[in-house]
Amino acid sequence: MPLIEVKNLSRYFGGLHAVDNVSFNVEKGIIKAIIGPNGAGKTTLFNLISGTINVTSGKVFYKDHIITGLKPYQIAKKGIVRTFQNLKLNQHMSVLENVMIGRHIRSKAGFISGMLNLPNTWNEEKKIREYSMKMLDVVSMADKKDITVANLPFGQQRAVELARALACEPEVLLLDEPASGLNIYETKELSELIKKLKTWGLTILIVEHDMSLVMDISDDVVVLNYGEKIAEGQPDKIQKNKKVIKIYLGDDDA
Amino acid sequence: MNKENLKAVSVLFTIILLTPLITSLLDVNFYLTQLTMSIYYAIVSIGLCMLMGYAGQISMGQAAFFSIGGYTTAVLTTINLIEYKGSFLINLLMKLRVLVLDKNVYDNDVLFFSPWVTFFFAIVFALIISFVIGIPVLKLKGHYLAMATMGFGIIIYKIVKGTKILGQADGISAVPLFKILPFLSIDGDISNRIENFYFAGFILLLGLIILINLINSRVGRALRSLHGSEEASNSMGINTSKYKLYVFMLGAVFASIGGFFLTHYNGGIGPSEAGVMKSVRYVAIVAVGGMANIWGTLIFGILLNFLSLRGVFGSLDDAVFGAILILVMIFAPDGLIKKRFLDALIVKCKIIIKKIQLKLNKEGN
Amino acid sequence: MNLNIILQYVFSGITVGSIYAVIAIGFNIIYNTTGIINFAQGEFVMLGGMIAFSFCKVMPLYLAIILAVIITGIIGSLLELIFIRHLKKPSVLQMIVITIGLSIILREIALHVWDEQVRALPFFTGNETSSVNILGANISPQVLWVIGITSLIVIGLTLFFKYTIIGQAMRACSENRNAAGLCGINTKAMVNISFILSAGIGALAGCVVSPLTQTTYDMGTDLAIKGFTVAILGGLGNSSAAVAAGIILGLIEAFSVSIFPSAFQDVITIGILLTILFIRPQGIFRSKQFAALKEF
């Protein structure tokens, strides 16, 4: 039984078919990459799965339950957590505080107990802090925990966002172009990190431009072009797929 | 509460404690009256600060909630039910102390709702109305949200001004005092000035501590994250519309409580308290205080209201608040009190002190 | 209700409605080029009436009105130059607060220049008692002036946006400001012109309606919220729909007087505004998809 099942998913913006009748499965514990040229609908597909935008038609199943139509926060609560291509951290909060936001769904303290600072929240806050520190450690950012995010270089902000997503204890991690804006060394580190996360049992769905990264880490690849799925399979097979080569290298027979 | 906030709260506590002493030393005890009023207005502003600064949602209708609190108590405590006295229901309510019997200035018997009960009503009404209004309004963003909240504010203003039981343009006067303890009653009597000031200070501290706790709690983090990016917060599993609604309701309750006490303190309330200009004032105070800065809001809330009540701005009262809005937004959208600025100042001072120490050490050697 | 009274209501509805429409168009012009809702729009109407009132004591009425329109246009231009132009990437919250601040300042200046008195321009033709008989209803000739001049404003603006270079450039700005800038259009100048235009038409509306509804220093907020209601009703940025929406709102207001006490008249308008915002924020004439494409 696949963990995520995408069935005939479509999203039209007026006449533009951003995602057109796309279906694929994601098995538990694998790294699946979604690739394609610019404007192929990769990010839209992500937005559809995470509930950020509504689908035009089609369904997404998670553990055999329909999740299309749920609000993003409900989907996150079910264990599917995403990162963003152009980073959406709170720039005015410290690194640690940003990661602590990730613990939101794994903690309970409500409005009243927050206002009155009731003793039962103290222990929870401590646990939130500890777990968040652990996640910062995973992305090797623990020493920068008190720095305001706005003062960090881009690559490190990416790491913080990943730590925040990990703090949610997701079962499925959706990474939207995690390597964009990173230099070679940072990309290398990222690839090691993602492999490590796989050993934790995480299922990872990744949208990426960097082909070497994709080929290095993924178990399975879906190729999109103009919103349609044109190929799916293991990385080495995708590399030899004529259709894929055509869209990446052009139509010329040269 | 962390050390920094604890320190700040104790400083504020000390200031409140010492103020009557200072005013009596300077022989300006009458300042206390305006200070007390300013504190009640500041309570409205810090509630709005949570909504605007921390959750990032503008409300141009805060004065409406202030007047809901004020008018609730004004109507219910000036109503005279004496002619129904003797009926079973009234007797029951009197036994339960919901209604109180007293004499008015003409020495006639009057039977009205106890302020304790109207305090409860003021909070409940604010909660209900903010809940009902908040659900649709908070779905809107930006300009639409501003206009919708402003529209709500104007509706309340027009209702207040056009309804007979609310006193129309004259408002409601002769609101009775609110006896909280044998030695403490909320009214404008000069002999109670110091007690009243302390009581207002006490309410302010209480409200402030509650808000500071909230900001530093799990919910507070969620709110601040909501301000950063609603989309990201949603993806982190935060039910953003729920939290926006809660903060809106919290702000409404703060405003209502401010309105409630000020009405008893002044012994009345008029429709201008519900006007758009009042709402703009609250927004101006939050803006000049630095949006997400509860201390800045507090300081400017008391300062500006105090100056305005003392008549320092003269006939330019509204213009001053308009100018503040424009200038702050153009030159210092983060407000005048910047934490970063203060931090940098402290660091610089430390460096200078260290340099001096080094120099002294060298010379000593 | 007999036919005569109904006609009276219809005409008074169309009169106020066309004023609301002009204010809404003023909102739209600025919104289209900048994405800003100018909360000071109602103050332009007030300024027009006030300035014309002061001038008409020393010169013929038509000259006073022309001067009032020009001066208000200059004020609009100055507001943009001084307060808005140099802001880098202002947030929506910032813009709301600034334009609200501007409306307060304009109102306070008016209060100090003209005091609290209610003023009115003289009737353009005839006086308060003169009337024209249309379909059996007695209508003040000023009503015809209002309807005539607002129609001229609408037609003139339509022609301006369609056939003049500047008008076309402004439309290009509203489609995509960056692209318009890259095509060599001076977007900053276009923003300035949009302020001049909406201030000018606001002032003109303020002049023609002054004999009927009078002018006071604090009339701006109410007018702004009604103009905004109309702009929303027609769909923000859509000026021809605003005319229809303005007349609808005007008629609703006129007829509501016969049902509700006049003190609550505004409550009805704002009730409509809130309802529209809640259920059809894209306006009553437009599809939902269109609104989704326009950012705000």
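Into which domains is chain A divided? I found domain 1 (1–79 + 171–254) and domain 2 (93–169), with bounds that come from an automatic or database domain assignment.

Before going on, I note that this is a predicted model, where local features need pLDDT of at least 70 and side-chain atom pairs count only at pLDDT 80 or more, while totals for chains, interfaces and linings use all residues. Residues are numbered from 1 along each chain as its sequence is written, and chains are lettered from A and ligands numbered from 1 in the order in which they are written.

**Chain A, between the domains**

I looked up the C-alpha centres of domain 1 and domain 2 of chain A, and they lie 27 Å apart. For contacts, 8 residues of domain 1 of chain A touch 8 residues of domain 2 of chain A (contact: C-beta atoms, placed from the backbone, within 7 Å). On the domain 1 side, helix 2 (72–78) and helix 7 (184–199) of chain A are the elements giving two or more residues. Helices here are DSSP runs of H or I, at least four residues, numbered from the N terminus. I sorted that side by class and got 5 nonpolar, 1 polar and 2 charged residues (Ala, Val, Leu, Ile, Met, Phe, Trp, Tyr, Cys and Pro are nonpolar, Asp, Glu, Lys and Arg charged, the others, Gly among them, polar).

**Chain C against chain B**

Next I checked the contact that takes 30 residues from chain C and 33 residues from chain B. Which helix of chain C gives the most to the side that touches chain B? Helix 4 of chain C does, with 12 residues. Helix 4 (92–114), helix 9 (220–234) and helix 11 (265–279) of chain C each supply at least two. By class, I have 25 nonpolar, 3 polar and 2 charged residues on the chain C side.

**Helix packing in chain C**

I then took helix 5 (residues 141–163) and helix 8 (residues 187–213) of chain C, whose axes come within 9 Å and cross at roughly 170°. Axes are lines fitted to C-alpha atoms over the stretch in contact, with angles from 0 to 180 degrees between N-to-C directions. Helix 5 of chain C is therefore roughly antiparallel to helix 8 of chain C (angles over 145 degrees count as that). Among the residues meeting are Trp145(C) and Ile149(C) from helix 5 and Leu204(C) and Val208(C) from helix 8. This contact divides into 11 nonpolar, 2 polar and no charged residues.

Last, I looked at helix 3 (residues 61–84) of chain C, whose axis comes within 7 Å of that of helix 8 of chain C, crossing at roughly 145°.

Definitions and conventions
Two residues are in contact if their C-beta atoms, placed from the backbone, lie within 7 Å. Angles under 35 degrees count as roughly parallel, over 145 as roughly antiparallel, 65 to 115 as roughly perpendicular and the rest as oblique.
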